[in-house]
Amino acid sequence: MPRRLAATFVATALTAGPALLLGAVPAHATGNHGPARGTADAVVLRTGLNVGLLHKTLDVPLNAVLNEVHAPASASKTALTVTLDGLDHGKPFSVLRADAATARGTADRHKAEGYANLVRAKVHLPGLPPQLSLIEAQQVTAKAVCEAGQRPRAESNVLGPVRVLGKKVTLKAGGTTDVKVPGVGEVRLDLSHKSVKSKSAAATALELKVSLNPLRLNVAEVHGRVTLVRAGCTAPGGTGPGDNGSGGTSGGQTGGQSGGQTGGQSGGGTKPAGGGTEVHQAGTRPGSSQNLAETGGSSATPYLAGGAALLVAAGAGSIGYARRRRGAATQGGRG
């Protein structure tokens, strides 16, 4: 009986001890390790226009996007052509031509940066004569940088001469310029608008508010907005443009937040939009990393380990007791 009792104690200790210790470090799933990735976006050209036709009461939308990317992505395409129903018998219409048009976005857990550049660009609108551009610019750039632990920064530059509706204009830094052409229309031009908050930043080089009445090619009027070169970013771990901070906001600066525009990465595509044609390029957003399993202890670990140690000690004591009983019984039998 003593031998059987000792064996029972030992078996219990050896079985319960490791089980208790394993129970102290349960496996559990955790989310992404470290701070969240930053975000970045950039776009070379975006139009949000309504084209009113002479013989129709319904406006035709002209929503065109060139080289729009969301980090990590890049795009380089220098021409944008669309087709509008009711315009010049459905012939393709060139909205923008440039020597270089580049958009780039990079982002990781340390830094996010958006960049856009346009060189020797001409923007055309429906109804204007072929030789008359809405705007001509030598070089336009925008850049936004958001680094972890630092204040975001944004900048935009317009280099060289700028012409609006054939007129050379003198731009005011951070100001507004109005250009009026009799018989053609009016353009209001905003230069170098920036928005800097505690965790995000954005810069737009040129923003044009357009109101034209060209009366040509079946076009009665064109009104809306044209954005030329924009870049934005959100710092790693930031909450995006909605966070608290200082800095202005820009009407019409929708940046890369057009989630429904998901064309190929630097490939482009077409999409009907209420009678108009939308041409755009969009990058891919970084997907969230998969959860990883980790092991760890809890506050009950020392108590469980101590209990296991006591069970082992009790088993050892039972073995010693059984041996002593057996030795005493042997000596008694010899006497």
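**Exercise 1.** Is Lys111 buried, partly exposed or exposed?

Solution. The model is predicted: local features need pLDDT of at least 70, side-chain atom pairs count only at pLDDT 80 or more, and totals for chains, interfaces and linings use all residues. Residues are numbered from 1 along each chain as its sequence is written, and side-chain values use heavy atoms, with hydrogens and water left out. Buried means under 20% relative accessible area, exposed over 50%, and partly exposed in between (1.4 Å probe, protein chains only). Lys111 has a relative accessibility of 33%, so Lys111 counts as partly exposed.

**Exercise 2.** Find the salt-bridge partner of Lys111 and the network that holds both residues.

Solution. A salt bridge is a side-chain nitrogen of Lys or Arg within 4 Å of a carboxyl oxygen of Asp or Glu. Lys111 pairs with Glu113, and their closest N and O atoms are 3.7 Å apart. Glu113 is buried because its relative accessibility is 17%. Lys143 joins Lys111 and Glu113 in a network of salt bridges.

**Exercise 3.** How many salt bridges are there by this rule? Describe the one between Asp41 and Arg230.

Solution. The count is eight. In the bridge between the side chains of Asp41 and Arg230, the N to O distance is 2.9 Å. This pair links distant parts of the chain, with Asp41 in strand β2 (residues 39–53) and Arg230 in strand β16 (residues 219–234), 189 residues apart. Strands (E, at least two residues) are DSSP runs, numbered from the N terminus. Asp41 has 14% relative accessibility and counts as buried; Arg230, at 8%, also counts as buried. Another salt bridge joins the side chains of Arg153 and Glu147 at 3.3 Å, N to O. Arg153 is partly exposed, its relative accessible area being 42%.

**Exercise 4.** Which cysteines form a disulfide, and why is the disulfide called right-handed?

Solution. A disulfide is a pair of cysteine sulfur atoms within 2.5 Å. One disulfide is counted by this rule. The sulfur atoms of Cys146 and Cys233 lie 2.1 Å apart and form a disulfide. The S-S torsion of Cys146 and Cys233 is about 70°, so the disulfide is right-handed. Cys146 belongs to strand β10 (residues 135–147) and Cys233 to strand β16, so the pair ties together parts 87 residues apart in sequence. Cys146 and Cys233 are both buried.

**Exercise 5.** Which residues have the most contacts inside the largest nonpolar core?

Solution. A nonpolar core is a set of buried Ala, Val, Leu, Ile, Met, Phe, Trp, Tyr and Cys residues joined through side-chain atoms within 4.5 Å. The largest such core has 69 residues, and Leu45, Leu134 and Ile135 have the most contacts inside it. Contact means heavy atoms within 4.5 Å. Beyond its neighbours within four places in sequence, Ile135 is in contact with residues including Val123, Val162, Val164, Leu189 and Leu228.

**Exercise 6.** Describe the surroundings of Glu221.

Solution. Glu221 is in strand β16. Glu221 is partly exposed, with 36% relative accessible area. Leaving aside neighbours within four places in sequence, Glu221 contacts Asn50, Val51, Gly52, Leu212, Asn213 and Pro214. Between Glu221 and Asp59 the C-alpha to C-alpha distance is 9.1 Å, and they are 162 residues apart in sequence.

Terms used:
Helix = DSSP H or I, 4+ residues; strand = E, 2+ residues; numbered from the N terminus.
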